[in-house]
Amino acid sequence: MTHPLGNPPSKIIAVHLNYPSRARERGHTPASPSYFLKPPSSLAGTKEAVVRPHGCELLGYEGEIALVIGGRAHRVRPEDGWSHVRWVTAANDVGVYDLRYADRGSNLRSKGADGFTPLGPRLLDAREIDPAALRLRTWVNGELVQDDTTDTLLFSFGELIADLSRLVTLEPGDVILTGTPAGASVVTPGDMVEVEVSSGSTSTGRLRTPVAAADHELEPWGAMPRADAAARAAAFGAEHEPAPLLPPRIEEGLRSVAVATLSAQLRRRGLPHMSVDGVRPTHPGRKMVGVAHTLRYLPLREDLFQRHGTGMNAQKRAVEELLPGHVLVMDARRDTSAGTLGDILALRARQRGAAGVVTDGGLRDSAAVTALDLPVYHGGEHPSVLGRRHVPWDTGVPIACGGALVQPGDLMVGDADGVVVVPPDLAEELVADCREQELQERFITSRVQAGHAVDGLYPLGPRWRAEYEQWRARQEQHPQGAHV
């Protein structure tokens with residue numbers, strides 16, 4: 001097999017996780033990089049078919065940026081790491097999940113088969129590009145499925161080289177595969193995968209890898225392919241069955257209290273600005289409780305829209321990053337003169353298990369979105385696409401939505417009155433105090449219905465405290481309707 005490197009490298013080192021988008025997809029973010037080795041015999045060039053072994057069904061692609069070492073690196077510092085890179089090119093880190101179980105951790109047979117590391121087609125001179133300004137894109141059958149940039153990396157290229165060279169000497173010609181962003185999945189024979197790395201107007205060109213089926217049976221000695229539910233989940237984008245984002249007890253508690261009560265209790269704690277102002281629900285009678293996953297729009301700038309607004313942009317990435325129980329929260333600067341969500345992405349959010357969507361921008365395809373079984377809070381209906389006012393910029397960052405600061409991981413609670421942001425560490429005590437407040441208000445309501453004046457009763461004053469405590473005790477004994 002031919003490839004652009006000429007002589008084979010002494011080693012190919014691949015990084016497990018390095019893009020925040022992929023880490024969110026996998027459900028965990030590493031504190032430091034981890035690696036596995038691929039044999040040099042796995043190298044291939046552009047247009048060479050990758051062959052899915054007989055009996056395998058889960059052939060995965062991963063578009064990646066490959067670094068080719070130019071100068072021997074041994075115990076180098078992070079700030080010096082990039083100087084040891086000579087070339088940059090596109091790579092496809094191919095693997096079969098059906099054999100992953102057989103070499104758990106090493107990935108030898110699942111990732112190391114002949115032809116499983118296509119590189120090329122062109123090498124970019126590392127001295128002429130900014131390592132933090134590269135763009136990686138992957139297409140399957142002409143459809144863009146991965147699109148990310150190196151300014152988002154968890155670990156810079158210099159850090160990777162420094163980390164590896166502490167214990168492993170990197171020799172000229174060695175290849176480092178630097179991780180894949182969100183969107184990697186499964187392909188089948190007949191598909192075409194294309195990967196491109198670009199820096200401004202400079203490009204590697206598209207690394208084209210057709211997928212073919214093996215023309216022979218896999219010999220029966222050794223581990224055989226096995227595709228179970230866990231392997232399929234990993235191959236199609238979920239590493240494991242994640243634990244609930246929100247403990248069921250907390251979710252049940254937040255569902256049991258009104259947003260207005262939560263707002264009052266937050267205000268008592270010195271947090272009067274926790275409501276998302278100016279949004280209204282598509283389903284007023286339905287409660288929304290979930291964990292915030294954020295998306296930020298910036299004002300439209302025509303010269304930047306092509307790069308940030310098209311293809312697998314931040315808006316689409318945010319939807320594909322959703323986990324069951326997430327609420328997608330959008331910062332559109334309260335500008336409702338363009339849509340920030342339409343029916344297709346709303347449908348996809350529901351399929352991903354989203355608990356709801358909150359945007360302080362416009363809602364497009366409002367009738368179709370309302371028909372979905374998904375709570376959506378929005379600033380108003382508008383027919384136009386986001387490109388009229390907004391550029392989708394980034395995900396998983398603190399944002400402002402309807403005047404409230406929302407951090408990823410905050411709890412979002414909505415009902416007919418609106419949406420409030422609940423700090424996770426306050427949730428349990430807020431639920432307890434809200435229940436007490438709502439119990440008091442039930443008592444007060446019963447007294448007002450009996451003809452009593454509100455003075456000293458609302459809020460509950462000392463004169464009514466003893467009677468309330470007696471009433472409360474009866475409620476605890478007969479919660480389904482104690483005599484008042």
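Biologist: Is Glu428 buried, partly exposed or exposed here?
Modeller: In this predicted model, Glu428 is partly exposed, because its relative accessible area is 47%, and partly exposed covers the range between under 20% for buried and over 50% for exposed.

Biologist: And which residue does Glu428 form a salt bridge with?
Modeller: Glu428 pairs with Arg249, and the closest N and O atoms of the two are 2.6 Å apart. The pair links distant parts of the chain, since Glu428 sits in helix α12 (residues 427-449) while Arg249 sits in helix α6 (residues 248-255), 179 residues apart.

Biologist: What about Arg249 itself, buried or exposed?
Modeller: Arg249 has a relative accessible area of 54%, so it counts as exposed.

Biologist: Which residue does Glu429 meet in a salt bridge?
Modeller: The side chain of Glu429 meets that of Arg269 in a salt bridge, at 3.0 Å from N to O. This pair also links distant parts of the chain, with Glu429 in helix α12 and Arg269 in the loop between α7 (259-268) and β17 (275-276), 160 residues apart.

Biologist: How accessible are those two, Arg269 and Glu429?
Modeller: Arg269 is partly exposed, with a relative accessible area of 27%, and Glu429 is likewise counted as partly exposed, at 41% relative accessibility.

Biologist: How many salt bridges does the count come to?
Modeller: The count comes to 31 salt bridges, and one of these is the pair of Asp335 and Arg333, whose side chains meet at 4.0 Å from N to O. Arg333 counts as partly exposed, at 30% relative accessibility.

Biologist: Changing topic, which residues of helix α10 are buried?
Modeller: Helix α10 spans residues 343-351, and its buried residues are Leu345, Ala346 and Ala349. Seen down the axis of α10, these buried residues fall within an arc of 105°, so they line one face of the helix.

Biologist: What covers the buried residues of α10?
Modeller: The covering elements include α9 (314-320), β21 (339-341) and α11 (366-371).

Biologist: And which exposed residues are on the face turned away from the buried side of α10?
Modeller: That face carries the exposed residues Ile344 and Gln351.

Biologist: Which residue just after α10 takes a positive phi?
Modeller: That residue is Gly353, which takes a positive phi of about 95° just after the helix.

Notes: Residues are numbered from 1 along each chain as its sequence is written. This is a predicted model: local features need pLDDT of at least 70, side-chain atom pairs count only at pLDDT 80 or more; totals for chains, interfaces and linings use all residues. Side-chain values use heavy atoms; hydrogens and water are left out. Buried means under 20% relative accessible area, exposed over 50%, partly exposed in between (1.4 Å probe, protein chains only). Helices (H or I, at least four residues) and strands (E, at least two) are DSSP runs, numbered from the N terminus. The arc is that of the directions from the helix axis to the C-beta atoms. Contact means heavy atoms within 4.5 Å.
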